[in-house]
Amino acid sequence: MTVHEVLEIGPPHMHIPEGLLPPLHAAAWTAAAAPFVVHGVRSLTREVRANPDTKLLLGAAGAFCFVLSALKIPSATGTSSHPVGVGLGAVLFRPPVMAVLGTITLLFQALLLAHGGLSTLGANAFSLAVVGPWVAYGAFRLVRSLTARSSEGLSLSASVFAAAFSASLGTYTVTSLQLALAHPDPEGGIVGAFVKYATIFSLTQIPIAVIEGLITVAVVRILTSVSRGDLVRLGVLRPSAAPPSGTRTATTTATTAEDREKGSTE
Amino acid sequence: MTPIDTAAYRSRWRRYHPAVKGVLCGGLLACALLLPPWPGAALVAVATLAAATAARVPPGLLVRVAAAPLLFVVTSAAPLLVTVGGPETLAWAEGGAARAAEVAARASAAVGTQLLFVLTTPVADLLARLARTRLPTALVEVVALTYQMLMVLLRTAQRVASGQAGRLGYHSRRAGVRSAGALGGVLFVRSLDRARRLQEGLACRGYTGRLTVLVAEQPVRPVELAAAAAPPLLVAALSLAHAALL
């Protein structure tokens with residue numbers, strides 16, 4: 001495997017290309033994704049206004065999500081470029097922020113990698129930047145609370161795996177539904193078409209979802225050892241004195257606040 | 001830089017205003033989406049290929065970049081060949097081949113117009129104009145910062161991955177998963193670290209929350225806009241004439 005095979009224009013991914021959805025469907029999915037993205041942009045604007053330094057961290061997070069999604073991961077059929085970023089991003093940055101970062105990532109993927117189209121940007125944003133992150137975050141919180149009694153390492157690994165696995169499956173289910181609505185089966189209707197698409201995609205997506213889960217666990221394990229402070233601030237790790245789980249996007253603010261604190265003491 | 005961005009900077013059409021290329025490619029995209037696939041999609045494809053030749057888009061790159069979306073198009077059009085839920089569980093759909101061909105033709109033509117646009121217009125040219133739209137300033141700045149950091153981080157990822165591959169990090173699937181995890185971890189740490197250092201550097205130079213860059217003024221010439229609008233209008237006219245005559 002050469003560098004260009006690890007990182008480049010890659011084969012299967014779950015981005016609906018340009019022109020595959022009829023214009024009305026594309027517009028409807030854009031309208032469905034819009035409230036989430038607008039909400040995310042509002043909270044981002046508020047945060048940036050309160051703390052201009054947040055912008056740089058959000059830019060870094062956006063770039064991180066893009067580069068992760070451009071990575072090709074080892075899979076059953078050789079390699080596949082895939083949004084490893086969705087599950088991890090949702091856990092690290094929370095779904096409202098991910099609605100914005102995910103949409104930005106999708107825009108750059110369409111412009112720089114030709115993954116996904118511009119007319120289908122709304123449809124892809126709905127599956128990858130809205131449903132994926134919320135499903136991932138839901139699974140993460142659920143497994144985290146279910147395993148609250150087990151050791152921190154096991155609980156974290158299990159919940160991160162659940163987040164990445166379910167984000168991948170959630171995304172592919174929504175994409176199948178979008179394609180089924182656009183191209184219903186003459187006999188079986190939308191349900192029939194959904195079964196057809198879901199079956200085809202599940203051949204590649206279920207193994208990929210498992211591998212994606214494993215990789216995401218590996219990423220978070222490394223982060224717990226090298227970047228523990230960041231994870232505690234982002235609310236992923238339980239600190240010894242647990243802050244309320246509602247710290248949400250204050251994460252980035254906390255980071256910059258601490259940096260300034262550091263600067264003033266030096 | 002991704003191969004697409006590199007090609008966009010080298011493109012002969014770089015010097016035209018993005019709006020001109022937007023009118024051409026957007027118009028052709030609208031034709032592909034709205035006109036009947038025959039002869040609409042075919043005409044759009046011909047117009048796109050002619051334009052790509054005129055812009056001297058490298059043909060090899062065009063094929064390589066088009067491969068992934070077209071594979072998805074084929075995978076999505078193939079299920080139209082069969083039908084489920086009838087008397088038999090799975091049967092060949094009546095007229096399925098025609099429907100699949102229509103969907104594939106329309107989507108392929110649309111992908112072509114997108115590729116023509118991205119292969120002739122660098123993202124930086126677009127971002128500079130994004131600031132003049134009515135989008136929230138904070139959003140525009142985060143988008144611009146993401147773009148600025150993305151290329152450096154992409155290079156970092158390539159270097160780390162090449163180092164890992166050199167140490168047989170992707171030799172087996174097990175090692176591959178571990179290496180990919182390590183790569184993701186290192187990218188997170190470095191992206192945050194770089195943002196913090198950038199922040200300190202900017203603060204020292206009196207950062208007010210605005211990163212201004214010089215944008216080369218490119219006037220939008222009406223002649224160019226008219227020339228860009230001509231192919232989509234011609235495609236639409238031919239397509240409608242075809243429909244009227246039959």
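Ala, Val, Leu, Ile, Met, Phe, Trp, Tyr, Cys and Pro count as nonpolar, Asp, Glu, Lys and Arg as charged, and the others, Gly among them, as polar. The legends below use these classes for a predicted model.

**View 1. The second largest pocket has a lining with no charged residues.** Its volume is about 620 Å³. The lining of this pocket holds 25 residues. They divide into 22 nonpolar and three polar. Nearest the centre lie Thr103(A), Leu107(A), Leu121(A), Leu135(B) and Leu139(B). Both chains take part: α2 (23-50), α5 (95-113) and α6 (121-146) of chain A, and α6 and α7 of chain B, each supply at least two lining residues. The most comes from α2(A), with six residues.

**View 2. The largest pocket has a volume of about 720 Å³.** Its lining counts 29 residues. Closest to the centre are Leu127(B), Ala128(B), Leu211(B), Val213(B) and Val215(B). Helices α6 (123-130) and α7 (137-166) of chain B each give at least two residues to the lining. The largest share, seven residues, belongs to α7(B). By class, the lining of the largest pocket has 15 nonpolar, six polar and eight charged residues.

**View 3. Helix α3 (residues 54-70) of chain A packs against helix α4 (residues 85-93) of chain A.** The angle is about 155°, and the axes are 9 Å apart. Angles over 145 degrees count as roughly antiparallel, so α3(A) is roughly antiparallel to α4(A). The crossing of these helices is right-handed. From α3(A), the contact uses Ala61(A), Phe64(A), Cys65(A) and Leu68(A). From α4(A) come Gly85(A), Leu88(A), Leu92(A) and Phe93(A). Seven of the contact residues are nonpolar, one is polar and none is charged.

**View 4. Helix α4(A) crosses α6(A) at roughly 60°.** The two axes come within 8 Å. The crossing is right-handed. On α4(A), the contact residues are Val86(A), Gly87(A), Ala90(A) and Val91(A). They meet Leu128(A), Gly132(A), Pro133(A), Ala136(A), Tyr137(A) and Phe140(A) of α6(A). The contact divides into eight nonpolar, two polar and no charged residues.

**View 5. Helix α3(A) crosses α5(A) at roughly 55°.** The axes come within 9 Å. The two helices are therefore oblique to each other. Here, too, the crossing is right-handed. Helix α3(A) contributes Leu58(A), Ala61(A), Gly62(A), Cys65(A), Phe66(A), Ser69(A) and Ala70(A). Facing them in the contact are residues of α5(A), including Val97(A), Met98(A), Leu101(A), Thr105(A) and Phe108(A).

**View 6. Two backbone features stand out, at Pro39(B) and at Arg94(A).** Most residues other than glycine have a negative phi, and most peptide bonds are trans. The peptide bond from Trp38(B) to Pro39(B) is cis, with omega near 0°. Pro39(B) belongs to helix α3 (residues 37-54) of chain B. Arg94(A) is not a glycine, yet has a positive phi of about 75°. Arg94(A) sits in the loop between α4 and α5 of chain A.

Notes
Residues numbered from 1 in each chain as written. Chains lettered and ligands numbered in written order. Predicted model: local features only at pLDDT ≥ 70, side-chain atom pairs only at ≥ 80, totals over all residues. Heavy atoms only, no water. Axes fitted to C-alpha atoms, helices over the stretch in contact; angles between N-to-C directions. Helix = DSSP H or I, 4+ residues; strand = E, 2+ residues; numbered from the N terminus. Parallel < 35°, antiparallel > 145°, perpendicular 65-115°, else oblique. Left-handed = near helix turned anticlockwise from the far one by under 90°. Contact = heavy atoms within 4.5 Å. 1 Å grid on protein atoms, 1.4 Å probe; cavity = no way out; pocket = protein on both sides within 12 Å on 5 of 7 lines; lining within 4 Å. Points joined across faces, edges and corners; volume = space filled by probe spheres on them.
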